Amino acid sequence: MTQTTTGQPRAAVLGGGVMGEALVSALLTAGWDMDDVAVTERSAIRANELSTRYGVRSADPNPKAVRSAGLVLISVKPQVVPEVLAEIAGALAPGALVVSVAAGVPLAVYERALPEGTPVVRVMPNTPALVGKGASAIAPGRHATDEHLALVERALAATGLVVRVQEKELDAVTAISGSGPAYAFYLIDAMAEAGVLLGLTRDLATRLAVATVEGSAALAAQTGDHPVVLRERVSSPGGTTVAGVAELDAHGVRAGVVAAARAAHDRSRELGEAARARD
Ligand SMILES: NC(=O)c1ccc[n+]([C@@H]2O[C@H](COP(=O)([O-])OP(=O)(O)OC[C@H]3O[C@@H](n4cnc5c(N)ncnc54)[C@H](OP(=O)(O)O)[C@@H]3O)[C@@H](O)[C@H]2O)c1
């Protein structure tokens, strides 16, 4: 494995789709040199696009790309993971860390397919990572150390929050931060629709809803105050906000969110079991 001038291991991103591009961009922001990052793609057009946009190497097939990499990031669709592991198993540099963002593919699948002792880290990212506001959970495999987790944290720093969890917690993480952006978009859409119903133009209602959700999240993050405290602060006795929140309760919105998260958790577990059974 070649050491680089920045002190970071060479990185290979396998699969340059939506998440793969976010990973390439995050590595460059985190200080990786463009000459030390390779990305692989099935389509030559997409590969060219990525090398033009980021200056990274993109023409190598997977085995060649991983040969000199100390950090291998897998960002193909979950069903393509076994094929990619079979391609790279014989080409991995000794000591290379394999990191995967593929949803629902258990660590055991990687550890079985790769040479004994290969350190693997699973990541559950979410789409706000594309704008540096993501929330990612990272779970270590049997051979991943604290140093490996620290390397993943450095590599992902530009994507937003990164937290360490155990693999058994990833189904719950998937239900909250993985699927969570869809719940937030659902709320934004509902608020905007309500604004239209009350006479605002769609554009104005949408801009107000987006800014309100964004601002509320920023306030919660910056103050660290409990959401109930923040909610009480905008709810004067007998006022408009308590009247609105009472309707959310009456319509079971809280229970709906809990049921949504439970369904996503159970589905994530089912998909993980199916991936294990296929292996
Ligand atoms: N997007 C998200 O919000 C999100 C969130 C959490 C986790 N993830 C995970 O991230 C992974 C990637 O998702 P994505 O949304 O980025 O998918 P995507 O846009 O389809 O990207 C996957 C890319 O990999 C390419 N590819 C396919 N086979 C390949 C191979 N053998 N070698 C190299 N590249 C290959 C695909 O090319 P072709 O299109 O030509 O096949 C495609 O460009 C998935 O496993 C997903 O579970 C995504």
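The protein is divided into domain 1 (11-165) and domain 2 (174-271), with bounds that come from an automatic or database domain assignment. This is a predicted model, in which local features need pLDDT of at least 70 and side-chain atom pairs count only at pLDDT 80 or more, while totals for chains, interfaces and linings use all residues. Residues are numbered from 1 along each chain as its sequence is written.

The C-alpha centres of domain 1 and domain 2 lie 33 Å apart. Their contact takes eight residues from domain 1 and seven residues from domain 2, two residues being in contact if their C-beta atoms, placed from the backbone, lie within 7 Å. The side of domain 1 that touches domain 2 has five nonpolar, three polar and no charged residues; here Ala, Val, Leu, Ile, Met, Phe, Trp, Tyr, Cys and Pro count as nonpolar, Asp, Glu, Lys and Arg as charged, and the others, Gly among them, as polar.

Around the ligand there are 27 residues, of which Gly15, Gly17, Met19, Ala102 and Ala103 come nearest; a residue is near a molecule if its C-beta atom, placed from the backbone, lies within 6 Å of it. Two or more residues of this shell come from each of helix 1 (18-29) and helix 4 (81-88), where helices are DSSP runs (H or I, at least four residues) numbered from the N terminus. Helix 1 gives the most to the shell, with three residues. By class, the shell holds eleven nonpolar, eleven polar and five charged residues.

Turning to the helix pairs, the axes of helix 8 (residues 180-197) and helix 9 (residues 202-223) come within 8 Å and cross at roughly 140°, the axes being lines fitted to C-alpha atoms over the stretch in contact, with angles from 0 to 180 degrees between N-to-C directions. That angle makes helix 8 oblique to helix 9, because angles under 35 degrees count as roughly parallel, over 145 as roughly antiparallel, 65 to 115 as roughly perpendicular and the rest as oblique. In helix 8, the residues that meet helix 9 include Leu187, Ile188 and Met191, and their counterparts in helix 9 include Leu208, Val210 and Val213. The residues of this contact divide into eleven nonpolar, two polar and one charged.

The axes of helix 7 (residues 170-178) and helix 12 (residues 253-278) come within 8 Å and cross at roughly 135°, which makes helix 7 oblique to helix 12. Among the residues making the contact are Asp171 and Ile176 of helix 7, with His265 and Arg269 of helix 12. This contact comprises five nonpolar, four polar and two charged residues.
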